[in-house]
Amino acid sequence: MYKCGITGHSGVLGREAINNINFKYNFFKGDIRNKKDVYKWIIDNNFDLILHFAAVVPVNLVEKDYSYAYDVNFNGTKNIINSILESKIKLKWFFYSSTSHVYSYSKNFQKIRENFKKKPSNKYGKTKLKAENYIRKKTRYIKIPFCIGRIFSFTHPNQEKLYLIPSLTNKIKKNKKNIITLKNLNHYRDFVSTDDICKAIKKLWQQRARGEFNIASGNKVYLEKIASFICQKYRKKAKFINARKTSFLVANIEKIKKIGWKPKNKINYILKNYLKNK
């Protein structure tokens, strides 16, 4: 069985990977901002591959303490890459969990390919894009196959309330009124299930895929429809007020489909799975 080093093992995607992708895992339990901790973890283990999920993700948390988020998201990734290079381990594959936040919104409602303009709309996206650029720069002339998975929107029953669907659910559930006013949900996003994300990572590993790949459903979802779906569960109605211009962040997934992966779970499945225990 392949020996896999994994960071961010206690996060949603880290736990899902451990439960759904069959590797012999070794968890990173140190401080990813500390180069010595990272180097020791890598030099003490003869990893076949590394899955790097560790990050400060919620946009609000990144905005609140950007210095800390930058240190984790960029410097933490920098520490891993430099430690891999300095230790000279013969790594078969390195996977970096990135995000759709590295892209700018599509102004003409076209699906976003991997070579689409990179212009993060928030500081979280900026930290992830800088980490991506560092990975590409450092691995350009060496044999380590690196893969960057730009993961679009997802949710999970264990996701924190700072994320969109948990936040909406909490707001709708706790509101005592039958008609709830919700603002600025006139946007299109792309939701992919955690099951499909894990299958995508597994397929990328099997192909030893290199470069950047969108991991997404490829389907546009209007956020107002998500809110209406949640309202139905709690027998409430939504009144929408929109002051912002409609934005569009939906993936073109032709590249990853060419290696044999395609998503199976649509938004209704994702929402039902999230809401069944709420």
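Reply: We can go from the overall fold to single residues.

Me: Before that, what kind of model is it, and how are residues numbered?

Reply: This is a predicted model, where local features need pLDDT of at least 70, side-chain atom pairs count only at pLDDT 80 or more, and totals for chains, interfaces and linings use all residues. Residues are numbered from 1 along each chain as its sequence is written, and side-chain values use heavy atoms, with hydrogens and water left out.

Me: OK. How many helices and strands?

Reply: The protein has 10 helices and 11 strands. Helices (H or I, at least four residues) and strands (E, at least two) are DSSP runs, numbered from the N terminus.

Me: And the overall dimensions?

Reply: The C-alpha trace spans about 60 × 35 × 35 Å along its principal axes. The radius of gyration is 19 Å, which agrees with the value near 19 Å for a compact globule of 278 residues. That radius is taken over C-alpha atoms, and the globule rule is 2.2 Å times the number of residues to the power 0.38.

Me: How much of the protein is buried?

Reply: Buried residues make up 51% of the 278 residues. Buried means under 20% relative accessible area, exposed means over 50%, and partly exposed is in between, with a 1.4 Å probe and protein chains only.

Me: Now helix 6. Which residues are buried there?

Reply: Helix 6 covers residues 164-174, and its buried residues are Ile165, Pro166, Leu168, Thr169 and Ile172. They cover an arc of only 165° around the axis, which puts them on the same side of helix 6. The arc is that of the directions from the helix axis to the C-beta atoms.

Me: Why would residues a few places apart point the same way?

Reply: An α-helix has 3.6 residues a turn, so residues three or four places apart point the same way.

Me: What covers that buried side of helix 6?

Reply: The cover includes strand 6 (179-183), helix 8 (223-233) and helix 10 (267-275).

Me: Which residues of helix 10 are buried, then?

Reply: They are Ile267, Ile270, Leu271, Tyr274 and Leu275. Seen down the axis of helix 10, they fall within an arc of 120°, so they line one face of the helix. These residues pack against helix 6, strand 9 and helix 8.

Me: Strand 9 is in a sheet, I take it. What is the strand order there?

Reply: The order is 9-7-11, in an open sheet of three strands with mixed pairing. Strand 9 (221-222) and strand 11 (248-249) are the edge strands, each pairing on one side only. Two strands pair if DSSP finds at least two bridges between them.

Me: How do strands 7 and 11 run?

Reply: Strand 7 (residues 188-189) and strand 11 run parallel, joined by two bridges. Arg189 stands opposite Leu249 in strand 11.

Me: Switching topic: how many aromatic pairs are there?

Reply: The structure holds 17 aromatic pairs. In one of them, the ring centres of Phe53 and Phe95 are 6.2 Å apart and the planes are at 55°, so the pair is tilted. Rings of Phe, Tyr and Trp (its six-membered ring) pair if their centres lie within 6.5 Å; planes under 30 degrees apart count as stacked, over 60 as edge-to-face and the rest as tilted.

Me: Where do Phe53 and Phe95 sit?

Reply: Phe53 is in the loop between strand 3 (49-52) and helix 3 (59-64), and Phe95 is in strand 4 (residues 93-99), 42 residues apart. Phe53 is buried at 9% relative accessible area, and Phe95 is buried at 0%.

Me: What else does Phe53 touch?

Reply: Leaving aside neighbours within four places in sequence, its contacts include Ile6, Leu13, Ala17, Ser97 and Ile201. Ring pairs also link Phe53 into a cluster with Tyr2, Phe23, Tyr25, Trp93, Phe95 and Trp205.

Me: Which rings does Arg208 lie over?

Reply: Arg208 lies over the face of Tyr2, at 5.7 Å from the ring centre. The charged end of Arg208 also sits over the ring of Trp205, 3.6 Å from its centre. The test is NZ of Lys or CZ of Arg within 6 Å of the ring centre and within 35 degrees of the ring normal.

Me: Last one: what is the phi of Phe109?

Reply: Phe109 has a positive phi of about 60° although it is not a glycine. Most residues other than glycine have a negative phi. Phe109 is in the loop between strand 4 and helix 5 (123-139) and is partly exposed at 44% relative accessibility.

Key
Contact means heavy atoms within 4.5 Å.
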